[in-house]
Amino acid sequence: MYVLTSQQMKEIDKKATAEIGIPEVVLMENAGFCVFEEIKKDFGCLKDKKIAIFCGKGNNGGDGFVTARYLLEESKDVHIFIFGEEVTPSSKVFLQVLKNLGADIQKLNEEVITSLYQKKFDIVVDGIFGIGLTRDVEGLYKQVIEYINSSKAYVYSIDIPSGVCSDTGKIKGVAVKANKTITFMYPKVGNILYPGTHLCGKLIVKDIGIPKVLAENVNTKVLTKEELNLEKLYRYPDTHKGDYGKVGVVAGSKFFPGASILCANACVKSGCGLCFLFSPAENVVTHNFRYPEIILMPVESKDGIVTFEGFKKKEEFLQKLDVIAFGCGLTQSEETEKILIHILKNFQIPIVIDADGLNVLAKSEELHSLLREYEACKILTPHYKEASRILGCDVDDVAKNPIDAALEISKRFDCVCILKSARTIITDSHKVFINVLGNPGMAKGGSGDVLTGIVSAMLSQGYDALDAAKLAVYLHSLSADILLERKTVQTILPSEIIENLDIAFRRVIED
Ligand SMILES: NC(=O)C1=CN([C@@H]2O[C@H](COP(=O)(O)OP(=O)(O)OC[C@H]3O[C@@H](n4cnc5c(N)ncnc54)[C@H](O)[C@@H]3O)[C@@H](O)[C@H]2O)[C@@H](O)CC1
Ligand SMILES: Nc1ncnc2c1ncn2[C@@H]1O[C@H](COP(=O)(O)OP(=O)(O)O)[C@@H](O)[C@H]1O
Ligand SMILES: [K+]
């Protein structure tokens, strides 16, 4: 499913009207009717319902006028509130229709807003701003949104909750908290990213008759099952372990033995042929939680941290690897930096860089240029903080526009970037996928290490970087969602996400 920016949606709207010749009022009529249809479906009989419809001066308000017309057929208690008569030409058509019908239309001012608090509406329709919101919400608009949020009515937002930026999902000053949002043709970025997605309530996507061919060049999609390449998950009967690749997990220290174990466990559990764990021996040899299938490559350490000299002694094994998973729990030591420099200078093995691998990368100009030049496939898996370190910006800047941050990292290193959060973004700098699965039970140390293991296993089974990233992110969060069916967000553990991959793989392959 495509996800559009406001600019893309406007261009598509424009083409539909100017080039294809569908009149704008027809689209507005369809949009307003879709909203009515949803209300009717939810409430059935609307006869006794007291309904308020708030309409801004743009086309979002025009959709609201159309919805109001249909609602007037069902209830005698429908009240339309406007911010002014200076509305767009298409909206004007439907405002006039309402006037012709003798509808109750009130212009909002301080007094009217105060009076709203005495009225007990059952249903509120928010047609204040859609994709045309450009600046922070203030004045009467702010007061009306505050009223809507204080009311006990069931709130429908048209296209996007008013006040949510359709390009980022951020709140521009204040925003409506809807129970349901009806958006048209495709979700907008603000319908999908937080906090906008939360303010939408239930999101409904309705076709209003814009030809779909117009969206063909859009590069951003929701990561649905249809977007996954499942081909390489099929195994011919006469295969052997060599067909599924050898992953070297370079991870762990005295301080974080669990990170290396979670990463390696997730890797063997996701289908790689062989998984080698390069880690300080003392951390993992006796570790009860380590799957015995993992082959240990004990690396000499100092103060519990793998040393560069120790790592070099394992070089002959490195030559044989198909994938390197680098960084989980290594610590940000000089040794970690030296090892990564050595790998990037001397090998051409597909690499997944996470955690401390990303942290040492952020601090080293040499690593920046080595990684850019590294020709084998590369996947970087930062969370927002790691991304901000790499980009040299504030973490809030990443959070404000995660799609741009992911694109920037991807372009800078010519890599696939998995920017992790409650809405993980995956991009190869051309295509962008937004993951909508997963739950707050994953907000726990170790979840990221699990993802690194899964994505490395996907690379080792022959996937290219983008397909590996998509499949891994999907399986990782699907596994957590399946766990949530019988556990709680408090009790889900990253190690259980690994255990539960059995069911996640099955659902992906068989459903
Ligand atoms: N163009 C089309 O073909 C269609 C558009 N549709 C609807 O039209 C909406 C977009 O319409 P518009 O482009 O007119 O934009 P909006 O209706 O979202 O609002 C734009 C208006 O709000 C003003 N504005 C922006 N930020 C403001 C702020 N902070 N405070 C006060 N005023 C502010 C702008 O100056 C402009 O007058 C969509 O979201 C959708 O609901 C639908 O009718 C379907 C078809
Ligand atoms: N609220 C949430 N909803 C969905 N997924 C989440 C949420 N919080 C975290 N995650 C996922 O959990 C993982 C956390 O990774 P990360 O922050 O690197 O953890 P760690 O470094 O402790 O292993 C990411 O894949 C992220 O997308
Ligand atoms: K709206």
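Let's start with Ser 162, which sits in the loop between strand S5 (154–158) and strand S6 (180–184). Strands here are DSSP runs of E, at least two residues long, and helices are runs of H or I, at least four residues long, all numbered from the N terminus.

Some ground rules. This is a predicted model, where local features need pLDDT of at least 70, side-chain atom pairs count only at pLDDT 80 or more, and totals for chains, interfaces and linings use all residues. Residues are numbered from 1 along each chain as its sequence is written, while chains are lettered from A and ligands numbered from 1 in the order in which they are written.

Is Ser 162 buried or exposed? Buried, because 27 C-beta neighbours lie inside 10 Å. The cut-offs: 20 or more other C-beta atoms within 10 Å is buried, 12 or fewer is exposed, in between is partly exposed, with C-beta atoms placed from the backbone.

Next, contacts, meaning C-beta atoms, placed from the backbone, within 7 Å. Leaving out residues up to four places away in sequence, Ser 162 touches residues including Asp 126, Ile 128 and Phe 129.

Now Asp 126. It lies in strand S4 (residues 123–127). Asp 126 is buried too, because it has 30 C-beta neighbours inside 10 Å.

Over to the record. An unreviewed UniProt entry lists Asn 60, Asp 126 and Ser 162 under "binding site". They spread over 103 residues of sequence, yet cluster in space, with a largest C-alpha distance of 9.4 Å. The unreviewed entry also gives residues 9–216 as "domain: YjeF N-terminal". UniProt positions follow the numbering used here, feature names are shortened, and annotations may be inferred rather than shown by experiment.

Conventions
Contact = placed C-beta atoms within 7 Å.
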